Amino acid sequence: VTYNHHHDGVSPDILEADEGANDMFVVTSTSVAPNGRRFVASMEARDFDTYPYYGVQWHPEKNGFEHSAQPGTDIAYNS
């Protein structure tokens with residue numbers, strides 16, 4: 001379970017259609033936005049030993065069990 005608060009994101013189809021990006025990266029996970037659109041949630045270099053690069057479109061530092069006292073927050077408290 002990850003916290004996603006995004007309205008933009010790269011579609012897996014777009015990433016895979018880009019020859020340069022597809023040669024360099026492999027999609028390791030996807031997620032679905034509230035509007036139903038699937039996006040790349042994480043990717044890493046195909047040759048990680050040579051290019052130790054990865055990217056995430058979520059917040060790994062976000063505590064999954066954080067509860068906010070601020071009204072109007074959209075943080076889901078269930079999985």
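Predicted model: local features only at pLDDT ≥ 70, side-chain atom pairs only at ≥ 80, totals over all residues.

Modeller: The protein chain has an average pLDDT of 81, and 68% of the residues score at least 70.

Biologist: Where is confidence lowest, and where is it highest?

Modeller: Strand 3 has the lowest, with a mean of 89, while helix 2 (residues 19–24) has the highest, at 94.

Biologist: How do you know that strand 1 and strand 2 pair?

Modeller: Pairing takes at least two bridges. Strand 1 (residues 25–32) and strand 2 (residues 38–45) have seven bridges, in the antiparallel sense, so by that cut-off they pair.

Biologist: What makes strand 3 a partner of strand 2?

Modeller: Three bridges join strand 2 to strand 3 (residues 54–56), and the two run antiparallel. The cut-off is at least two bridges, so this counts as a pair too. Glu44 stands opposite Tyr54 there.

Biologist: Which order do the strands take in the sheet?

Modeller: The order is 1-2-3, in an open sheet of three strands with antiparallel pairing. On average, neighbouring strands are turned by 25° against each other, direction ignored.

Biologist: Why is Ser11 called buried?

Modeller: Its relative accessible area is 14%. Buried means under 20%, so Ser11 qualifies. Ser11 sits in the segment before helix 1 (12–17). Leaving aside residues up to four places away in sequence, Ser11 touches Arg37, Arg38 and Val40.

Biologist: How many aromatic pairs does a search of the whole structure find?

Modeller: The search finds one. The rings belong to Tyr51 and Tyr53, with centres 6.0 Å apart and planes at 40°. Centres must lie within 6.5 Å, so they pair. An angle under 30 degrees would be stacked and one over 60 edge-to-face, so 40° makes the pair tilted.

Biologist: And why are Tyr51 and Tyr53 called partly exposed?

Modeller: Tyr51 has a relative accessible area of 37%, and Tyr53 has 44%. Buried is under 20% and exposed is over 50%, so a value in between is partly exposed.

Key:
Residues numbered from 1 in each chain as written. Heavy atoms only, no water. Helix = DSSP H or I, 4+ residues; strand = E, 2+ residues; numbered from the N terminus. Axes fitted to C-alpha atoms, helices over the stretch in contact; angles between N-to-C directions. Buried < 20%, exposed > 50% of the residue type's maximum accessible area, 1.4 Å probe, protein only. Contact = heavy atoms within 4.5 Å. pLDDT = per-residue confidence, 0-100.
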